[in-house]
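Please read them beside the coordinates.

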Amino acid sequence: MSEQGDQVPGYRMIRMAALQDAPAAALADVEAWQARTTHPDVLGGGGPVFGVAEELEAGGWRIVSLFSGSYPQGARDSMAMTFRERARSAEDAGDRETQREWLRNAERLDWEALDELTVLGRRFRIVRGDQFIRMGPTGPEPPRPSDPDPAKAGHGHEYRGRTKGFVIDPFTPTGMSEGILRMELLSLVHAPGSAPDGVRRDALHALETHPGGVLLPAEFTAAELSDGHWAPTQLTNASPQGSRDTLTTYLRVMAPVMEELDEETRAEYGRLADRMDAERCDELVIDGCRTRIVRVERLVRVGPDGPEGPRPSDPDPELPTAVQEKRLREEGVFDEYRVLNEEETEQRRLADEQSKEFLRLFEEQRRRRDEAEGA
């Protein structure tokens with residue numbers, strides 16, 4: 001589908017195709033269409049996320065890292081890690097020259113905030129994605145039956161997800177429902193007064209520079225209803241079970257220590273976590289507040305030169321790793337002989353006590369799940 005048929009560039013086209021030969025994909029498309037009725041409103045979902053993509057000779061860009069960091073610097077660090085992994089592969093193959101080239105560029109990223117590099121003829125880019133959720137009368141959309149959710153309780157981290165290795169290519173055919181959603185999302189921009197001027201200006205500029213787009217595989221988070229508004233309480237996970245596990249770890253491990261819960265509340269939180277493990281449910285009421293596992297859509301905008309990178313208005317507070325380390329050393333943070341004052345000594349003691357309690361509760365949670373699986 002396009003506005004001008006075959007005269008429109010490939011990056012602006014949305015190719016829709018029948019999915020009869022792929023039953024799982026066809027079911028997912030039906031569920032996506034039903035979601036337009038049950039959760040008709042599409043809202044921004046917590047700011048942009050960033051990942052690393054490599055341009056392919058055959059067309060498109062393949063994602064080579066996780067795609068969940070809230071700041072570009074996290075993706076730059078992932079790019080440096082990717083280069084070091086390839087340097088190790090070159091070393092194993094006995095190719096010292098190639099190894100040195102990968103390492104040279106990894107070290108550049110340690111010192112410079114670069115959003116694109118070409119190494120050995122291969123182009124890598126920090127890629128930006130916008131997050132969205134569908135909202136209905138009862139709140140944000142939960143996971144759909146067709147969303148992959150293979151892991152058992154406590155093993156959500158074992159599912160690596162579908163994002164790494166995904167190819168950003170607008171020319172790839174999609175189902176009718178996804179195609180329509182892409183058109184809707186590509187036209188969205190902040191209303192006047194709803195965002196800082198720079199954010200709105202960059203969004204309007206992106207409509208011109210990156211008018212096409214691709215939906216990444218959905219991810220999941222937990223959101224809490226408070227004062228009439230739903231707000232995310234964790235980073236996204238690759239599967240619903242990953243988000244459930246993050247929530248149960250909070251209930252059993254993090255909250256008791258960080259919130260200094262009394263024994264009665266600890267026991268109640270433990271019962272809620274046990275229920276989520278046993279039922280694989282997607283909603284709990286915690287301290288009178290509804291908390292739900294929520295489905296998150298992610299859109300990468302695409303232009304004539306590929307996927308969109310970070311925008312000038314995107315928060316980017318983190319420094320490259322070597323620059324950050326240098327600054328900390330200059331401030332004396334890494335000076336092992338520096339004498340701590342009384343306040344710092346007390347803070348360190350409390351942190352050590354918290355760490356010990358975290359470890360004890362983590363071990364208790366692991367032992368409980370091992371026993372449950374062995375029963």
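1. Partly exposed, as used below, refers to a relative accessible area between the buried limit, under 20%, and the exposed limit, over 50%. The model is predicted.

2. Arg-108 has a relative accessibility of 29% and therefore counts as partly exposed. The side chain of Arg-108 forms a salt bridge with that of Glu-112, at 3.2 Å from N to O. Glu-112 is partly exposed too, with a relative accessible area of 32%.

3. Arg-128 and Asp-130 also pair through their side chains, with an N to O distance of 2.9 Å. Here Arg-128 is buried at 5% relative accessibility, and Asp-130 is buried at 16%.

4. In helix 8 (residues 321–330), Arg-329 and Glu-325 are four residues apart, which means a separation of about one helical turn. Their side chains meet in a salt bridge of 3.2 Å, N to O. Glu-325 is partly exposed, its relative accessible area being 36%. Elsewhere, salt bridges with shared partners link Glu-55, Glu-116, Arg-123, Arg-125 and Asp-305 into one network. The whole structure has 34 salt bridges.

5. The largest nonpolar core contains 16 residues, and Val-52, Met-79 and Trp-102 are among those with the most contacts inside it. Two or more residues each come from strand 2 (49–55), helix 2 (72–92), helix 3 (96–111), strand 4 (116–119) and strand 5 (122–136). Helix 2 supplies the largest share, five residues.

6. Which residues does Met-79 touch, leaving out those up to four places away in sequence? They are Val-52, Leu-109, Leu-117, Phe-124, Arg-125 and Ile-126.

Definitions and conventions:
Residues are numbered from 1 along each chain as its sequence is written. This is a predicted model: local features need pLDDT of at least 70, side-chain atom pairs count only at pLDDT 80 or more; totals for chains, interfaces and linings use all residues. Side-chain values use heavy atoms; hydrogens and water are left out. A nonpolar core is a set of buried Ala, Val, Leu, Ile, Met, Phe, Trp, Tyr and Cys residues joined through side-chain atoms within 4.5 Å. Buried means under 20% relative accessible area, exposed over 50%, partly exposed in between (1.4 Å probe, protein chains only). Contact means heavy atoms within 4.5 Å. A salt bridge is a side-chain nitrogen of Lys or Arg within 4 Å of a carboxyl oxygen of Asp or Glu.
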